[in-house]
Amino acid sequence: MIRGLAAAAFLILGLAGCERGSNPPPAPTSAGNLTAPVATRYKAASSKVLNAVRKRGYLVCGVNPGLPGFAYPDVHGVWRGFDVDFCRAVAAAVLGDADKVRFTPIPALDRFGALQKGEIDVLSRNTSWSYSRDAGLGLVFAAVTYYDGQGFLAPRALSLTSAEELSGARICVQAGTVTVDNLADFFRTRGLTYKPVLVASEAEARRLYQNDGCDVYTADISALAGSRSVLNNPGAHVILPDVISKEPLGPVVRQNDPVWADIVRWTVYATILGEELGLTSKTVAQARETALDPQTRRLLGVEGDYGAMLGLSRDWAFQVIRQVGAYHEIFGRDVGERSPLKLDRGLNALWSAPKPGLLYAPPMR
């Protein structure tokens, strides 16, 4: 009985001790002192490509020789398009001037060689990110700018409802692209036959398709929309509903300069964050003066010097948005509702949109 009372008293005293302190004391170090938190240290990095671009005074960007909506010279010889605008964004980030870029049109078969040889600083040419390209070519896909998939363009008069009705068809397909392999996989797994008509470029595919050199044209759906927009009678052609592959498109750089890869990557992210924060090329200057939101202030260089970590100026992201635009501006004018392509945002909508897409950028902090 006495032992039981003693045990109960000991328990009550223990509970009382716990109630007096809301949290248990931190565990001491071996020296009997509390461990002090260690602040993360960041340092500026160096990029050989960045140094070369600044010394040269302009960026060299590899683009498609002519794909409506993505890369094409206008009637004045000025390069326009979605991929072109991301080249201009990189120039704005690293040189402070979106016009300090020279465009090198590159055929599909030569695009990776030109990058590997150092003939261009960045490849922005409707190029799909895949395992073998990423792991086997010594290259880095910096970010995804457009989530796409392979489809089929067909004459409306054929009244096709699915690509599975194409057995025996002559299909124009560009050589040297993953499109060829995707096409073979699609037909083989369904036990269907077809006749591939290999072409060297999108322009040749359009010409053959329009002149009955093939029954159907296959490519990324965005490329098909671009091709259809310049046919003699765009309304006479339809893109079939089938999407037979995943094609994440984006800029590519060499693997031997991780800082340059980060610069290109965060340039893309700056345009996405700009849209998330409600910024546009017309409002960003005022936002830089009046914004109270910490995220906006960090992105525009008002708080912190995040550019220094990549060897860039404090206002690098501000220049990207001011001179080129936030993502929704780039998309809208080049391939979206304000362009002849009229492509829907779809998967390329923000993750936070009413109809969410896949577009997502890490935070600026």
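Predicted model: local features only at pLDDT ≥ 70, side-chain atom pairs only at ≥ 80, totals over all residues.
**View 1. Helices α3 and α13 cross and touch.** Let's start with a helix pair: the axes of α3 (residues 82-95) and α13 (residues 327-334) come within 9 Å and cross at roughly 145°. The crossing is right-handed. On the α3 side, F82, D85 and F86 take part, and they meet Y327, I330, F331, R333 and D334 of α13. By class, the residues of this contact are 5 nonpolar and 3 charged, with no polar ones.

**View 2. The largest pocket holds about 360 Å³ of space.** Its lining counts 20 residues, with Y72, W79, R80, G81 and D334 nearest the centre. Both helices of the previous view return here: α3 and α13, like β3 (79-80) and β4 (101-105), each supply at least two lining residues. The lining divides into 10 nonpolar, 4 polar and 6 charged residues.

View 3. A search of the whole structure turns up 3 cavities of 30 Å³ or more. In the largest cavity, 16 residues form the lining, and N126, Q174, T177, T179 and D220 lie nearest its centre. Two or more lining residues come from each of α6 (178-189) and β11 (216-220), and β11 gives the largest share, 4 residues. Here the classes are 4 nonpolar, 7 polar and 5 charged.

**View 4. The second largest cavity has a volume of about 60 Å³.** Look for L273, E276, L277, Q295, R298, L299, P363 and M364 around this cavity. Helices α9 (258-276) and α11 (294-299) each give two or more of the lining residues, with α11 giving the most, 3 residues. This lining has 5 nonpolar, 1 polar and 2 charged residues.

Note on methods:
Residues numbered from 1 in each chain as written. Heavy atoms only, no water. Axes fitted to C-alpha atoms, helices over the stretch in contact; angles between N-to-C directions. Left-handed = near helix turned anticlockwise from the far one by under 90°. Contact = heavy atoms within 4.5 Å. Nonpolar A, V, L, I, M, F, W, Y, C, P; charged D, E, K, R; others polar. 1 Å grid on protein atoms, 1.4 Å probe; cavity = no way out; pocket = protein on both sides within 12 Å on 5 of 7 lines; lining within 4 Å. Points joined across faces, edges and corners; volume = space filled by probe spheres on them.
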